[in-house]
Amino acid sequence: MKHNKFTKTKLATSLSIVLSTATLAPINFAHAEQSGADEVEVIQVTGMRSSIKESTRLKRDANGVVDAISAEDIGKFPDTNLAESLQRITGVSIDRSNGEGSKVTVRGFGPDFNMVTLNGRTMPGASLGDTSTRAFDFANLSSDAIKSVSVYKTGKANIATGGIGATIDIVTGKPLDTEGMQASFGVKALHDTTNRVGSDVTPELSGLLSWSDEESRFGASISANFQSRDSSAAGAYVNQWRTSAYEDISSIPQQQDGTPVVLTNAPASGQLFSLPSDLRYFVQDNERERTNAQITLQYRPVENLTATLDYTYSKQDITANRAEQSIWMDTYKSALVFDDNTVKTPIGYNEERRDQAPRDLGLAQQELNQINENKSIGLNLEYQMNDQFMVTFDAHSSTADSRPGAKYGSWVNAGLGANVSAAQGVNFTNGLPELLMTFDDCSASRGLNCNNQLDNADIGTSILDKTRASQKSDIDQVRLSGLYEFDEGSIEFGIESRSMESHALQSNTRHTMGNWGVENPGELPDDFLTPVNIPSLIDDYNTSNVYSEGVTGSASRIGAWAADTYGFDFLSHDPYNTNRKIKEDVTSAYFQFQLDGELSGMPYNLSAGLRYASTDVSSTDNIALPSAVVWEGNNDFNVKNGGGVENFSGSSSYDHLLPSFDFDIEVIENVKARFSYGKTIARPRFDQLSAAPGGVGGPSNPTILAGAQLGTASSGDPSLVPLESDNIDISAEWYFEDTSYVSVGFYDKRVSNFTGRQPFTENVYGLRDATAGPRALAAKAALEADGIEVNDTNLFSMVAAMENGVDFNSLTSEQFEQDYDIIANSDDPLMDFTVSKYVNNKEANIYGMEIAFQHFFGETGFGVQANYTTVNGDIGFDVNGDPTITQFALVGLSDTANLVAMYESENFQARIAYNWRDKFLNTQAHYINEPGFTESYSQIDFNVAYDVNEQLSVFFEGINITSEDSRTHGRSSVQLWRLDDLGARYALGARYTF
């Protein structure tokens, strides 16, 4: 295909939806470009109706199932975040982080099952929050330099392997696509209504400069964007819901004084019931700076040869300061009121200390410092040998790096507490559980100041935890392809080599400050802490009955002070618990042909291809071996390192043949029917390929006691193979006007090799169990002989007393925990763990419908777009299932819907968009085998713009203008996992183009 000559109206890919906002820079230009895997003709037009008209034509003429969003004109994308734009496509939903679109789910397949490419090049992913992910985070990229984003929902031979849900291609502009000089500069004033301590208004600056000479021989462009965002988040969460079968009242511990627990609406014998481990309120203040830049150079020495060199850069600097107000549930319960769910949950939960001293109110301070940096450099050579045959060479080297942003590491938790809780409880009947507490700072045994209010004199330190984590992923990719065009169609073929390496590091370090019992109240300097009412910051709920006294402070400042006070090095770290390197080399070859013609007078398009992919995988783990599971208190365990370092490794190879077939025919005028089939794969997550057990944690209670849950670990397998999916799409489309259509589609995905978790009971790394050895047995016998209840608290105290020659009655249980740790010795038995191992042992069927409607109402200027997608699967999570068994279930399956209303006049454009996603399972194992469900969520966004003249435009936009919240729960809605109180974001801006 020659430069600037459109030779095809039958497109190998298409843009099926253009969700345009305002025309901010009315520059008209047209061009054709290579969009990675397929040739895409993109005609830039101004105005929503014009661009929608063109996108409708492209959808109608397309082969295969490809949806997309296109920038309306230079320097402007429909939404400020690419993920937020993609959610408006049928079948696409998003994951949000801090209220902002982050990662994408397509037809029920989550971020790790979707391939993201930039100009057809596979992009690496990296995240400190999940160092095992392959997923690309769209929050790293601003939208200014983005030309279009295409979503390939079915496989094609000329698209790189790795996406079962979809392959998502981000396309950037090229300087030789426009003539002469083009420039656009924009400014935004951002306001996040959740902001608490940062700037109420933060800037976003952007600029784009593109130039080509008169002969279209040389071209250069540069774009840059800087955004600063200050925000806050408040909410609540529970760490653990512990589910077991109820036998009788003895299933729930009575009061220490022997008073039985009072149960209302108690579970029946054998019925499942759940108890929470804690309840925590939090407030988090966030600062984020995002920098993006891209430089593109093009050179066309002769008419039929074009060379393109481009460099793309993005960086996020993220800081978060977090304060918590929490209660950790005690061993002893006083009164529980259960609900009527099949898995019983206490909606009224109460504990009383009675003759025991008040226990601690948790006041932890945390800090996150993270840097995400992405770099990509690429070279593309396009040679038009003649009018029919073109050869393309493309190579790139790309890196995604997520690393700590502070000398202490990426995360620090400074444990603080105040021993002021004489009684505590939770009312779980509301969407926000109410934390209830009887405040007492007058207990003689605690020695506090008895002024009946929480202040610095009541607060002391406990434990300092910090993490140093990083993930770096590199991809080097080379592709050589050829395209031969003839009157009835085309033939395309190519070879590709892709090398990927991901290196994940993580160390967890713990230091003792005032210990679990908060031994030194009043120790912190007076200016370290500031009072705060955290529940009052959770706007959408009544918190008048909630205990509300809390504090905020700097975790790193407290950590540095504690290092001097308690004699440890705040900046040093333990050896890496995780040091994992995954290498993956993929070699591919493909062949694809396309034919156009007529069948009984009905025009048709046919495309078929075959892709061969050979993959070699190696996995190496350099493990700092755990040395002991230290018993630090009643049910507190800490896995210590110090057992040396050992390498574990494994490797595997596999091959795939991946066919694809697309066919469409115009059965009657303006009505098209389509059929597509393709076979696709998605490779395992990096943690699933790990060669050594990781995530080692202690048991829920001393294992000598009935009902104790074993410690846990997880293990991957380098020999795991990818998921394989056979995909079928059938659809019909009626185009009743040039901007109007109705489409109905059915899709079906038959997926094999799903990775399930299979639990095994076994020892790891030779660790021993101090809670089941001779010392624990002797302590149990001593308690029974003295008529003292055998529970985790008394057992720990007795073991500590007997081992250290201390009278059991001379110290309180809190003093035993403060003064002593129990470490396993050679007389103790090997500790059993529940080790979850990944295996390819599951199959599933995912299917659904996609319905879309688009229409402009005559010459009124008003238009509407609407779509609805159903996502169904044959394997769901059984909330009444056995909690000792790890269930396999399909996550992310939910219906989605969009409704967009538009208006456009000569100089004014407006859009309001509604997005909805139904409830879905987000994990089968939030805690051990307990599920997590994300509740249904809806959001309303808008954008209005006015063209002052041909150069200057002003606009105003809002995101989540009704301040909808996000909430997740366990086996029932009562079992809160997490609630995030979110808010609206607004931007006022202007753009000048010349």
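Analyst: Two strands count as paired if DSSP finds at least two bridges between them. The model here is predicted. By pairing, 5 strands form an open sheet in the order β3-β8-β9-β6-β7. Its pairing is mixed.

User: What makes β3 and β7 edge strands?

Analyst: Each of them pairs on one side only. β3 spans 66-70, and β7 spans 121-122.

User: Why do β8 and β9 count as paired?

Analyst: The cut-off is at least two bridges. Strand β8 (residues 146-152) and strand β9 (residues 166-172) are joined by 6 bridges, so they pair. The two run antiparallel. Within this pair, I146 stands opposite T172 in β9.

User: How do you know that β29 pairs with β26 and with β30?

Analyst: Take the bridges against that cut-off of at least two. Strand β26 (residues 489-512) and strand β29 (residues 578-599) share 18 bridges. β29 and strand β30 (residues 602-631) share 20 bridges. Therefore β29 pairs with β26 and with β30. In the pair with β26, the strands run antiparallel, and the pairing with β30 is antiparallel too.

User: Which residues are the bridge partners of S588 in these pairings?

Analyst: E496 has S588 in β29 as its bridge partner. In β30, the partner of S588 is A613.

User: What phi does S600 take in the hairpin of β29 and β30?

Analyst: S600 takes a positive phi near 55°. The hairpin has 2 residues between its strands.

User: Why is α4 called roughly perpendicular to α5?

Analyst: The axes of helix α4 (residues 774-785) and α5 cross at roughly 110°. Angles of 65 to 115 degrees count as roughly perpendicular, so α4 is roughly perpendicular to α5. The axes come within 9 Å.

User: What makes up the contact of α4 with α5?

Analyst: R775, A776, A778, A779, K780, A782 and L783 of α4 meet N794, L795, M798, V799, M802 and E803 of α5. These residues divide into 9 nonpolar, 1 polar and 3 charged.

User: What volume does the second largest pocket have, and which residues lie closest to its centre?

Analyst: Its volume is about 590 Å³. Of its 28 lining residues, A357, L811, T812, S813 and E814 are closest to the centre.

User: Which helix supplies the largest share of that lining?

Analyst: α6 does, with 5 residues. Both α5 (792-804) and α6 (813-819) supply at least two. By kind, the lining holds 8 nonpolar, 13 polar and 7 charged residues.

Definitions and conventions:
Residues numbered from 1 in each chain as written. Predicted model: local features only at pLDDT ≥ 70, side-chain atom pairs only at ≥ 80, totals over all residues. Heavy atoms only, no water. Helix = DSSP H or I, 4+ residues; strand = E, 2+ residues; numbered from the N terminus. 1 Å grid on protein atoms, 1.4 Å probe; cavity = no way out; pocket = protein on both sides within 12 Å on 5 of 7 lines; lining within 4 Å. Points joined across faces, edges and corners; volume = space filled by probe spheres on them. Nonpolar A, V, L, I, M, F, W, Y, C, P; charged D, E, K, R; others polar. Axes fitted to C-alpha atoms, helices over the stretch in contact; angles between N-to-C directions. Parallel < 35°, antiparallel > 145°, perpendicular 65-115°, else oblique. Contact = heavy atoms within 4.5 Å.
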